[in-house]
Amino acid sequence: MAHLSGAGERGDRGQLLMIAVLVLAAAFIVLALVINSAIFTENLATREDVAGSEEALEYRADVTASIDAAIVAGNEDHELATDAELEAHARNEISTLQNRGGLVQAIRGGVVDLSYDTKQMGDRIAQDNTSRNLTNDTASADWRPATGVDEIRNVGFELTEVDTRGEPFRFRLEGGDNWQLSVSGDSSEVAIKVDTPTASAQCVRDEPTAGDPLTIDVTGASVNGEPCHALHRLSNGTQMWLGTGVSGSFDLRFQNSDRVNGTYSMVTRGGTPDTGIESGYDSDEPYVVNALYSVRFDYSYQGHAVAYNGTVLSAPGEVPP
Amino acid sequence: MVDSRGQALSFEGIAAGIILLSAVGFALQVTAVTPLSPSTSSQHVENQIQSTSEGALDSAAERGVLADSVLYWNDSAGAFHDASPDVEHYQGVPSSGLAISDTLNRTFADRNVAYNLRIQYHTDEGLKTQQFVEQGRPSDHAVSASRMLVVHESDRLVEADGSEGPRLGDPGTGFFAPNLDNESLYNVLHVEVVAWRI
């Protein structure tokens, strides 16, 4: 009897097996779909926004960096004195990049077109004498390199000697609200302190020694090549960089500038330079020369998958607004 | 009655088998090669090395280290400072005085990635190549990244100890790339990294 009824049971189990197999098969297919969509999502998420745009943007960054270097080199070239000469220099560099860089880019499959658009002129105020203090020609320790300045960029100091006694050397932007950099210190260390209208912070470095000056790249936010948070942004996000909190046009001011020796350079737009400094290059004393503040150029890139057109502004060492 | 059910059961069994096998086969097909599968030929790894190379070049260029390295040239010997004997460039690990070697070693050496560095420059006859660092022959899945660098006549060569050397534009200063016929621009260099996994 048991064998006979067993035949009936075996029939039921066949059906059960069938259902189990179908469920398993369906589960596998669903799993496969889930894995597949996960892979596809990851693939999509890591793709460029626009396929092929990376080459165009990368080359744009390359070109901008090159033009930046060209502007810096042009401004520091004492033989380029007039606006026309500086503009010709910028045009020349852009056309050389167009020809030389374009050749290499063409080999890689992209056609690049660069053309000069417009410029903004400014002044470069600097001192190249490493052993002189930072006073003006008439030896005023408290003086204004320029007044009524609209914009400023590429500010850097290279101090060979810092006298830490008494009031510290200060570099100030004054326009209602003030931004201030001061260089003070004790016997072995120097503090670079920044005060904005709402915050203050400082970076501490070793005192400069012979052959090892203290290099403060104010707009690049570094001291001796190392990042300095007090010149950029604090960990809580507070902005500290040059001119933070100063609106409209402003005056530049050096205070206690007889306490430090070294060189400096800055490029300004608008404003009137101090009458107590040389007009035209001078290797001994502070001077002001014509300079390119910024250059705008048209950039177009035709790649295999993307065509990019745009106008690019090059103003090396400009801090965010 | 019993005969016909046996046939049906057989068919069911075969059909179930086919479904099961095809489901397993499909699942295996889908998952066998993912972008994350560990393999030296994986596209994902190549993309990563490519991005890393670009990042290393960009960061070096931004800090001025790239220019200092390219200008680390001994103009009297006509070779990079402390370059391997008989060749002008570095073979294997570059001299520690080279500004970019730190960046490259930190980026690549710990990750089993080898790299070659070469510099393309312009001449009147067209593009020429100067080997810079040579670590071997790139494998089939090597990637490359490059960066343009403009050098000016006012740029200075870098001495072996890192101090400033002669100006590029001064007559008598030797450099691998010639001075292009232009006012203050010296040459347009293209620094290329070729990196591959070892």
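Leaving aside neighbours within four places in sequence, which residues is Asp251(A) in contact with? They are Arg144(A), Thr147(A), Gly148(A), Glu174(A) and Gly175(A). Contact here puts the two C-beta atoms, placed from the backbone, within 7 Å.

Some ground rules. This is a predicted model, where local features need pLDDT of at least 70, side-chain atom pairs count only at pLDDT 80 or more, and totals for chains, interfaces and linings use all residues. Residues are numbered from 1 along each chain as its sequence is written, while chains are lettered from A and ligands numbered from 1 in the order in which they are written.

Back to Asp251(A). Its place is in strand β11 of chain A, residues 250-255. Helices (H or I, at least four residues) and strands (E, at least two) are DSSP runs, numbered from the N terminus. Asp251(A) has 18 C-beta neighbours inside 10 Å, so it counts as partly exposed. The scale is this: buried takes 20 or more other C-beta atoms within 10 Å, exposed takes 12 or fewer, and partly exposed lies in between, with C-beta atoms placed from the backbone. Pro145(A) is 106 residues from Asp251(A) in sequence, yet 8.1 Å away in space, C-alpha to C-alpha.

Now chain A as a whole. It has three helices and 16 strands. Its radius of gyration is 32 Å, well over the 20 Å that the globule rule gives for 321 residues, so chain A is more spread out than a compact globule. That radius is taken over C-alpha atoms, and the rule is 2.2 Å times the number of residues to the power 0.38. The C-alpha trace spans about 125 × 50 × 40 Å along its principal axes. Buried residues make up 36% of the 321. Among contacts with a separation of 6 or more, 71% join residues 24 or more positions apart.

Next, domains, with bounds from an automatic or database assignment. Chain A has domain 1 (1-47), domain 2 (54-120 + 296-314) and domain 3 (123-294). The C-alpha centres of domains 1 and 2 of chain A are 62 Å apart. Chain B divides into domain 1 (1-34) and domain 2 (43-197). Their C-alpha centres lie 61 Å apart.

How do the chains meet? The contact takes 33 residues from chain A and 29 from chain B. On the chain B side, α1(B) gives the largest share, 12 residues.

Now helix α2(B), residues 43-62. Its 20 residues reach 28 Å from first C-alpha to last, close to the 28 Å expected at 1.5 Å a residue. The expected span is 1.5 Å times one less than the number of residues. Buried on α2(B) are Ile49(B), Ser53(B), Ala56(B), Leu57(B), Ala60(B) and Ala61(B). They cover an arc of only 130° around the axis, which puts them on the same side of α2(B). The arc uses directions from the helix axis to the C-beta atoms. The face turned away from that buried side carries exposed Gln43(B) and Glu62(B). After α2(B) comes Gly64(B), with a positive phi near 80°.

Last, the core. The largest nonpolar core has 113 residues, and Ile192(A), Leu66(B), Leu149(B) and Leu189(B) touch the most other members. A nonpolar core is a set of buried Ala, Val, Leu, Ile, Met, Phe, Trp, Tyr and Cys residues joined through C-beta atoms within 7 Å. Strand β15 of chain A, residues 287-302, gives the most to this core, with 10 residues.
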